[in-house]
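Please look through the sequence and the structure below before reading on.

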Amino acid sequence: MSLMKPNQVMELVEAHITLLLPAISLLFFIFYVQILSNPKPSLSKTVPILNARKGEFFPYLRAAWRNTLDLKSALDLHRTQHNGQVVRVPIVGPGNLVLLPSHEAKWLIDQPENVLSMHQQTDLHFQTAHKTVYPLRNQAHVHLVMTKLTRQVGNLVPVLMEEIEFAMPQAWDGTTSDKDGWQEVDVFDTLRVAIGQVTNRVFLGAPLCRNRKLLDAGVAYAQAIPVAAQLISLFPASLRWLVAPLITMPNRAYEKTWFKLTLPEVEARLRDYGKEGQERADFLQWSIHQAKESGDDYMWEPKTLAARVLLVNAAAVHTSSFAITHVLLDLVGSGNKRGPEYVAELRDEIRQVLATHGGWSKRALDDMHKLDSTFRESQRLNTVLTVGPLRIVNGQEGVTTPSGAHILKGYQVGIPAYQMHMDPSIWGEDVSEFRPFRFLANTRLQEPNDSQPARARQPWVTTSQEYLSFGGGRNSCPGRFFAAAELKLLLANILLNYDFDFQEARPPNQWFGTNHLPP
Ligand code: HEM
């Protein structure tokens with residue numbers, strides 16, 4: 001996933017303009033040649049190209065241009081012109097992408113790694129072989145998120161709430177109120193700092209999690225990874241080793257800042273490891289323990305440990321900042337009638353559940369069904385996964401999909417997740433409306449003669465072949481249980497402490513390539 005807002009891409013580009021300018025004309029040339037050379041022609045003969053127009057010069061290149069600028073319309077074409085069948089999608093970013101019919105989602109997410117590989121896709125997408133990220137040599141952090149962090153969510157609730165109560169008055173400090181007492185806030189820019197702080201309370205502990213330079217370096221790193229990866233992937237494979245050290249210079253700089261600020265803490269923890277009373281309950285400490293148990297010296301190195309936290313930080317902070325931004329825009333943009341009703345219902349639920357449970361706890365969060373449904377609905381409409389889950393065909397002989405398409409080894413396959421989330425036959429005729437309580441019990445509107453039993457409530461973290469915001473199958477987002485707890489606590493805090501100037505509509509999202517981002 002490339003997770004940057006276009007204005008942030010511009011800021012990054014401006015910051016490195018001296019490096020980029022000399023390369024830009026060369027890049028265009030290489031991109032042109034790469035596209036025209038069409039590395040795997042045998043597939044394109046049998047599989048139509050999405051958005052290519054008959055009789056046009058350079059159809060592949062022009063389709064790539066159109067798909068990159070407006071993937072949303074291209075996905076509509078997939079449904080209307082190609083009847084949702086297998087198509088090839090030239091686009092800047094993923095490259096060599098083949099879109100499968102929505103009904104093959106289950107087949108896709110059920111495939112084992114040796115048939116369709118998620119990890120090869122991540123490596124290719126982020127060009128990890130060219131050191132866009134610090135070389136960690138294994139995926140131990142994914143395992144730790146999936147097991148230790150997820151199991152600890154209940155114990156972390158009080159710490160998360162404490163940090164939220166500390167972070168929010170700083171994020172929305174009220175110093176720029178207008179004469180009526182309202183304060184206009186840039187939701188994304190202010191809440192990404194709060195999310196970074198709260199997340200790192202659990203990753204690194206206090207007071208380090210409140211260091212603004214550290215938070216900024218973490219966010220800048222998360223932005224630099226996909227930018228560098230995309231630049232590198234414009235070059236032919238044989239030239240990448242040459243250009244990558246230049247392109248990844250910003251990544252090295254952010255790592256350096258992160259190391260400077262975190263290594264003293266990491267080294268102190270390593271010195272104190274095993275001493276009585278020094279055990280901390282955070283991701284860094286769990287990583288140290290994991291490294292010790294592994295017996296692998298490289299995992300035990302201070303830089304490896306610090307970089308592991310940095311990488312999980314990159315996976316966690318951006319996605320969660322988008323989610324909180326979207327849900328607030330959805331609520332506040334629900335209009336002057338419905339908006340206050342939704343907020344009042346949510347506040348009632350939060351207060352009632354808190355009274356029943358005597359305060360914040362995991363069980364209290366689990367009982368806030370309306371709050372949970374609000375996030376699930378907002379992420380249905382605003383999924384970061386527009387096409388996906390993406391996997392790379394791994395088998396030597398390629399793979400044959402249930403509908404009979406043979407896809408060659410090395411191609412990426414994905415499902416039109418956004419289209420699936422907007423399909424009226426799944427969600428009902430009001431599919432494009434934000435209905436925060438859609439996911440309470442009896443999700444599917446029950447027709448009078450419907451023989452199907454009504455569905456049980458689906459919590460936000462439940463992935464399925466129809467709901468793909470957190471990906472799907474065994475590789476779906478391992479951080480979703482933590483993310484859901486953190487974000488629900490944050491939204492509850494905001495709802496209980498702030499009022500909103502409701503709007504008749506929310507500002508539209510931005511699309512660039514496969515990115516689907518808040519305004
Ligand atoms: C609302 C917030 C979040 C969203 C929407 C989100 C979404 C996703 C998606 C779509 C994927 C790819 C799954 C696939 O291809 O099937 C993913 C992977 C991942 N996410 Fe999240 N994520 C969120 C929060 C987090 C948090 C808080 C963490 C860490 C604590 C995290 C850690 C990861 C990791 C490590 C992976 C890669 C897993 C692997 O390599 O197997 N995510 N996430």
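In this predicted model, 74% of the contacts in the chain with a separation of 6 or more are accounted for by residues 24 or more positions apart. The chain contains 21 helices and nine strands, and of its 519 residues, 43% count as buried.

**The pair α15 and α21**

- Two packed helices are described by the angle between their axes and the distance between the axes.
- For helix α15, which spans residues 302–332, and helix α21, which spans residues 480–497, the axes come within 11 Å and cross at roughly 40 degrees.
- The crossing of α15 and α21 is right-handed.
- On the α15 side the contact involves Ser320, Ala323, Ile324 and Val327, and these meet Ala483, Glu486, Leu487, Leu490 and Leu491 in α21.

**Helix α5 and its surroundings**

- Helix α5 covers residues 71–80, and within this helix Leu71, Ala74, Leu75 and His78 are buried.
- When α5 is seen down its axis, the buried residues fall within an arc of 100 degrees, and they therefore line one face of the helix.
- These buried residues of α5 pack against the helices α4 (59–69) and α19 (417–421), and also against the strands β1 (87–89), β2 (97–99) and β8 (510–512).

How values were computed
Residues numbered from 1 in each chain as written. Predicted model: local features only at pLDDT ≥ 70, side-chain atom pairs only at ≥ 80, totals over all residues. Axes fitted to C-alpha atoms, helices over the stretch in contact; angles between N-to-C directions. Helix = DSSP H or I, 4+ residues; strand = E, 2+ residues; numbered from the N terminus. Left-handed = near helix turned anticlockwise from the far one by under 90°. Contact = placed C-beta atoms within 7 Å. Buried ≥ 20, exposed ≤ 12 C-beta atoms within 10 Å, placed from the backbone. Arc of directions from axis to C-beta.
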